[in-house]
Amino acid sequence: ATPMSIMTATGRGAQAGVLIKNAEALERFEKVDTLIVDKTGTLTEGKPRLVAVLPEAGHDEAEVLHLAASLERGSEHPLAEAIVRGAEKRGIAIADARDFEAITGKGVKGVVDGKAVALGNLKLVTEMGLDVGDLSAKANARRDEGETVMFVAMDGCIAGLVCVADPVKETTPAALAALHELGFRIIMATGDNERTAKAIGARLGIDEIRADVLPEDKARIIEELQAGGVRVAMAGDGVNDAPALAQADVGIAMGTGADVAIESAGFTLVKGDLDGIVRARRLARATMRNIR
Ligand code: ADP
Ligand code: MG
């Protein structure tokens, strides 16, 4: 590409809310046919809300939420924020947790009111040797509604479930439809549970779902596709997404996301809406056509 045409494209991109890092990103993007999107904060608003607390027998809602929020106050995860805000809204007291520990992609652990408490996904509680028994059916019913379900454990038993919902961004459905129209295959990659991911993916017409992935898995998924000759763009917003954004042929960061994500990406969508990708693609095509 000539420096002039790239400068023009960069200027037009900026006007359309797409920051283009360099000519290579634009050139490569024209050849991409597969788009991997992170779920939380990319397809969804990334602002989950607490929607239900389901205590097990012998426990009550206030107690379960108190344990959960006391633990999550030490975490910066969006799910943690939802739980703490939910507790505050309901007037639940929050205690200081001791020995707080965050387990990436799984959850949090610590001591609340002198009791060993853990909060997280099925992986976390299974690794602790806990049996979720018939709670699975209850959890699945919520996941089928697109909710994220977390288990709360206390002193070696499950005390209850905490359910959180993260609404899909208003602009996501139309953006995905337009991206399909442009010929992209769209894959969702998420650390969330497969059932939750499928419920949301089905509503949005996502072509393929990779769920229960740890942060380092996202980059590996891209590497595998690339090894098969597929040119991949990856859209994400989180600190966790940075390695995948760097691995992709073109990384696309949400301007509303983490700084490391933006630094690792070739494009940044200023408003954090996926329809910026539609504009970027049209721009890439027009620019490359002018050059040839
Ligand atoms: P993603 O950002 O793609 O949803 P993460 O790797 O951040 O993926 O989290 C994966 C899963 O691990 C979450 O869906 C949740 O079940 C669990 N988890 C991670 N951190 C926490 C936390 N602080 N509190 C509760 N659950 C958590
Ligand atoms: Mg995210």
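This is a predicted model: local features need pLDDT of at least 70, side-chain atom pairs count only at pLDDT 80 or more; totals for chains, interfaces and linings use all residues.
Visitor: Which residues come nearest to ligand 1?

Guide: One begins with the residues around the ligand. Here there are 23 of them around ligand 1, and Ser-75, His-77, Gly-105, Asn-121 and Gly-191 come nearest. Helix 3 (39–43), helix 5 (78–89), strand 5 (107–112), strand 6 (115–120) and strand 7 (148–154) are the elements that give two or more residues to this shell.

Visitor: How many residues of each class does the shell around ligand 1 have?

Guide: The shell has 12 polar, 6 nonpolar and 5 charged residues. As to domains, at least three residues are drawn from domain 1 (3–45 + 168–291), and at least three from domain 2 (49–165).

Visitor: What order do the strands of the open sheet have?

Guide: The 6 strands of this open sheet run in the order 3-8-7-6-5-4, and their pairing is antiparallel. Strand 3 (49–55) and strand 4 (98–103) are at the edges; each has a single partner strand, so one side of each lacks a neighbour in the sheet. From one strand to the next, the twist averages 20°.

Visitor: Over how many bridges do strand 5 and strand 6 pair?

Guide: Their antiparallel pairing extends over 6 bridges. In strand 6, Ala-118 is the residue opposite Lys-109.

Visitor: Which strands do helix 4 and helix 7 touch?

Guide: Helix 4 (residues 61–72) packs on the sheet and touches strand 3, strand 5, strand 6, strand 7 and strand 8 (157–165), with its direction at about 105° to that of strand 5. Helix 7 (residues 135–143) also packs on the sheet, touching strand 3, strand 7 and strand 8; its direction makes about 5° with that of strand 8.

Definitions and conventions: Residues are numbered from 1 along each chain as its sequence is written. Chains are lettered from A and ligands numbered from 1 in the order in which they are written. A residue is near a molecule or strand if its C-beta atom, placed from the backbone, lies within 6 Å of it. Helices (H or I, at least four residues) and strands (E, at least two) are DSSP runs, numbered from the N terminus. Ala, Val, Leu, Ile, Met, Phe, Trp, Tyr, Cys and Pro count as nonpolar, Asp, Glu, Lys and Arg as charged, and the others, Gly among them, as polar. Domain bounds come from an automatic or database domain assignment. Two strands pair if DSSP finds at least two bridges between them. Axes are lines fitted to C-alpha atoms, for helices over the stretch in contact, and angles run from 0 to 180 degrees between N-to-C directions. Two residues are in contact if their C-beta atoms, placed from the backbone, lie within 7 Å.
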